[in-house]
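Visitor: I am new to this structure and would like to learn how to read it, one feature at a time. Could you take me through it?

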Amino acid sequence: MIRYFYKALADIRSNRFLNLITMVTISLSILMVSLCLLFFENLGRIMDGWSQEGRAMVYLVPEFSTQMRPELASAITQMDGIVRVTFVSKDQALARLKTQMAGATRFLDTLEENPLPHAFEIQIQTREGFEPIAAVVRQIESLDLVESVEYGQKWLARMLDLFQLFRLTGYVVCALFLLIAFFITASTVRLVFHSRQSEVEIMRLVGATDRFIKMPFYVTGLIQGAVGGILGLLILFAAYLAVCSGISQSMGDLFHLDVRFLSVTAMGGIWVVSTFLGWFGCYLSLRQLLK
């Protein structure tokens with residue numbers, strides 16, 4: 001096996017350009033596939049987190065006074081599905097707003113009167129689907145002192161439908177890129193084979209077996225796939241670090257962004273697929289050429 005490995009390395013050196021093109025093509029294909037997986041994996045986790053939070057803000061009418069707070073809080077707490085009720089006074093809301101807006105608080109400091117309403121921040125028990133949460137929200141909205149209830153479940157349901165569509169599209173795109181890498185690999189093997197056709201014919205005349213002739217090509221395909229996969233993942237990791245360094249901590253906390261790189265299992269799977277792709281393209285080409 002070691003002999004075939006050194007023979008494959010010699011073949012790669014003697015056909016640097018073709019093999020380089022193959023490795024770059026595989027790496028770009030793996031990069032696109034990995035990018036799709038990274039995007040959908042993180043987006044899916046973020047949207048799952050949003051859908052499981054079940055948080056809502058209950059904004060109160062201007063006539064509300066803090067003396068009415070215990071009665072209203074009790075009414076909301078007794079509703080089915082309410083996990084936690086936290087009162088947020090208008091002063092606390094303004095302080096939060098100033099914190100979130102960081103340096104842009106000069107305008108807020110000039111306000112003569114706090115325009116924000118009192119509110120309750122509630123957490124609703126998450127269940128299957130959005131309708132149970134919507135039912136709880138309708139109950140709260142029917143209370144006299146409640147002006148409105150804001151929660152993101154309506155648009156989130158639409159976003160989840162859109163996300164499923166994007167995910168299906170992403171799988172199709174990944175399959176296309178893998179097919180492109182496969183055809184490029186197969187074409188490269190054909191070109192290399194034709195460039196060494198005289199050598200192969202001589203080997204056959206002296207009694208070399210098909211296995212002896214094919215093995216260096218197989219090992220070359222494995223090397224191309226393995227190196228292309230590693231290059232694609234390294235490029236993606238560099239891009240991931242560059243993007244993550246641009247996401248501030250406050251932005252991440254505000255939008256609950258928890259961006260993570262691919263897991264070791266996913267990277268291993270991608271690398272195995274890339275290596276197999278290099279070998280399979282070689283296998284099918286030689287199967288036709290050495291009939």
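Predicted model: local features only at pLDDT ≥ 70, side-chain atom pairs only at ≥ 80, totals over all residues.

Visitor: Is N42 buried or exposed?

Guide: The general idea is that buried means under 20% relative accessible area, exposed over 50%, and partly exposed in between, with a 1.4 Å probe and protein chains only. N42 has a relative accessible area of 6%, so N42 is buried. In the protein, buried residues make up 37% of the 291 residues.

Visitor: What lies 2.9 Å from a polar atom of the side chain of N42?

Guide: That is the backbone oxygen of L38.

Visitor: How should I read a sheet, and in what order do the strands stand here?

Guide: Strands of a sheet pair through backbone hydrogen bonds, either parallel or antiparallel. Two strands count as paired if DSSP finds at least two bridges between them. Here 4 strands form an open sheet in the order 2-3-1-4, and the pairing is antiparallel. Strand 2 (82-88) and strand 4 (146-150) stand at the edges with a single partner strand each, so one side of each is left without a neighbour in the sheet. Strand 1 (residues 55-60) pairs with strand 3 (residues 119-124) over 5 bridges, and A56 stands opposite I122 in strand 3.

Visitor: Which helix packs on the sheet?

Guide: For packing we look at contact, meaning heavy atoms within 4.5 Å, and for direction at axes, which are lines fitted to C-alpha atoms, for helices over the stretch in contact, with angles from 0 to 180 degrees between N-to-C directions. Helix 4 (residues 90-100) packs on the sheet, touching strand 2 and strand 3, and its direction makes about 90 degrees with that of strand 2.

Visitor: Which residues does the annotation "transmembrane region" cover?

Guide: UniProt positions are given in the numbering used here, feature names are shortened, and annotations may be inferred rather than shown by experiment. The unreviewed UniProt entry gives this annotation to residues 20-40, 168-193, 217-241 and 261-286. In the model, residues 20-40 are 100% helix, with end C-alpha atoms 30 Å apart, and residues 217-241 are 100% helix, with end C-alpha atoms 36 Å apart.

Notes: Residues numbered from 1 in each chain as written. Heavy atoms only, no water. Helix = DSSP H or I, 4+ residues; strand = E, 2+ residues; numbered from the N terminus. Polar contact = N/O pair within 3.5 Å; in protein donor to acceptor, adjacent residues only side chain to side chain.
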